[in-house]
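Here's a quick tour of one protein model.

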Amino acid sequence: MTAPSASVTFGPEVADADRARLTFSLDVDVCVVGAGLAGLSIALEAARLGASVAVLEGRHVGWNASGNQLGTVMPGFGLPLADLIARVGLEDARELWALSKQGAEYVRTQASDDLIPGLGLSEGALEVSNVDVGDRLIARLQMLGEDFDTEVDGWQIDRVRDVLKTKRYFHGVHYPKAFQIDGRKYLLGLAALAKQAGVRIFEDTPVVSIDAGGIRKRIVTPSARMRATHIVLAGNIHLGAPAQKLSDTLLPVWRYAGITEPLGERLTEAVTFQGSVSDSDGVDHFRIVDGDRLMWSSPETTWAGHPERYAGAIARRIRTVFPALGKVAMAETFGGALGQTVHGMPQIGQLRQGLWVASGFSHRGLNTTAMAGQLIARGMYAYDDRFKLFAPFELVWAGGTTGRAVGYAVGLWERQGSALAGTLARYRERARARERIREARLAEANLRAGTRGPRPG
Ligand SMILES: Cc1cc2nc3c(=O)[nH]c(=O)nc-3n(C[C@H](O)[C@H](O)[C@H](O)COP(=O)(O)OP(=O)(O)OC[C@H]3O[C@@H](n4cnc5c(N)ncnc54)[C@H](O)[C@@H]3O)c2cc1C
């Protein structure tokens, strides 16, 4: 891998005087609540389709997860592919996966020199396995390549350990078409593109209540009122009062990350892969930035912590995975709260006529928020109802404070009574689908080997 490593932007947000608080009444086609990746992508796409759009942001653009991510853009969702197939079947899983790929391609298109320049795009991402399961690797490669039309290469242990000098990782799946960008610059670039397309962004403007009953919906902020034909709830876990029940369907998870001081040749000896690396358990995610620093995201909590307090934990984690690096010092830390759904898929859809939701993007937010932007804007203005593919992923209650503490969640929003039955039915459905896939693969393998499968009964 010879591509130069990317540089990244962190630190205070870029102030924009045009994004002042909303202090006057406003009538628009679309009101988006939240100026993270999701809200800005939807606003931009709705404006490109001709709508008048206002974004109301309670704090400032990208202060949470959206302005504090690692910039890795991959296809897929937080939910593992096998579980996705089990949940919706192969055909719908394929369509959903294709949408997630389109989301990644959308980011690539915006990351061009004419739209958002200077994002330092570099290619390739590697998913490494924490356990030695080479046999599963082949099935996964087959599934991704053949069934899901995704370019992937399988890396044997030696190849993985050649570019990552650690005994912790075994096989790897390399995605040559995945890429990474300066994630914060991308977010600010989206805000700039939205503004060029006519979107008005108001910061320091929390939405405190909505009335989504009529055709023209009402939005209340502390200093002004708005009316809109469509409201999009893109507030992630901080949405709060305007739709508390919706907020309660997300399990907040705070994830922390940091960038090391320059590591010099120590790093070149330990890590030569220049793309993003993530492990199969979702514990570590890292890449080289600025030539000889590591950007590393690892610890998570279910309570809000200060990222700087986790500097030591991140440094220790780096040393655990790459002992040869010795002691590393962190130059800066950052982090944000992710909204995780109980089923692992984002919440994308229309709750009632003109009231839309886009949240729960979890760890994989760059491609999926881009996808949501297109789906929701096209759902509003282009008679495109592909957003309905997300209908099987209901708004499942995430358990409130107690539930969060134990990380356990049951229940269905507005359908509490059928929660247990629904959960059990889904487990059964999942088990049946897994069995069907296993049988199909077995039959295929038997066919290739010229043998018969076991006789039924
Ligand atoms: C450390 C870390 C690393 C990550 N790395 C990657 C990565 O490499 N690749 C990737 O794909 N994903 C990554 N992610 C995940 C990604 O950042 C998130 O999925 C994504 O940012 C979620 O975007 P969002 O717009 O839904 O939420 P947010 O960023 O939380 O934005 C929601 C906004 O809505 C506002 N809001 C909420 N309620 C209201 C209200 N009532 N009124 C007005 N405004 C309101 C909030 O103030 C906030 O600004 C990472 C996340 C973290 C924390």
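## Helix H3

Let's begin with H3, which covers residues 134–147. This 14-residue helix reaches 20 Å from its first C-alpha to its last, close to the 20 Å expected at 1.5 Å a residue. Bear in mind that this is a predicted model.

Which residues of H3 are buried? They are Gly134, Leu137, Leu141, Met143, Leu144 and Asp147. As a rule, residues three or four places apart in an α-helix point the same way, because there are 3.6 residues a turn.

## Two aspartates with positive phi

Just after H3 comes aspartate 149, with a positive phi of about 50°, although it is not a glycine. You'll find aspartate 149 in the loop between H3 and strand E5 (153–155). Its relative accessible area is 59%, so aspartate 149 counts as exposed.

Aspartate 204 is another non-glycine residue with a positive phi, this one near 55°. Aspartate 204 sits in the loop that runs between strand E7 (200–202) and strand E8 (209–211). Is aspartate 204 exposed or partly exposed? With a relative accessibility of 39%, aspartate 204 is partly exposed.

## How confident is the model?

The average pLDDT for the protein is 87, and 83% of the residues score at least 70.

Two stretches are worth a second look. Over residues 401–428, pLDDT stays under 50, and the model has 33 contacts beyond four places in sequence for that stretch. Residues 451–457 also stay under 50 in pLDDT, and there the model has 3 such contacts beyond four places in sequence.

Note on methods:
Residues are numbered from 1 along each chain as its sequence is written. This is a predicted model: local features need pLDDT of at least 70, side-chain atom pairs count only at pLDDT 80 or more; totals for chains, interfaces and linings use all residues. Side-chain values use heavy atoms; hydrogens and water are left out. pLDDT is the predictor's confidence in each residue, from 0 to 100. Contact means heavy atoms within 4.5 Å. Helices (H or I, at least four residues) and strands (E, at least two) are DSSP runs, numbered from the N terminus. The expected span of a helix is 1.5 Å times one less than its number of residues. Buried means under 20% relative accessible area, exposed over 50%, partly exposed in between (1.4 Å probe, protein chains only).
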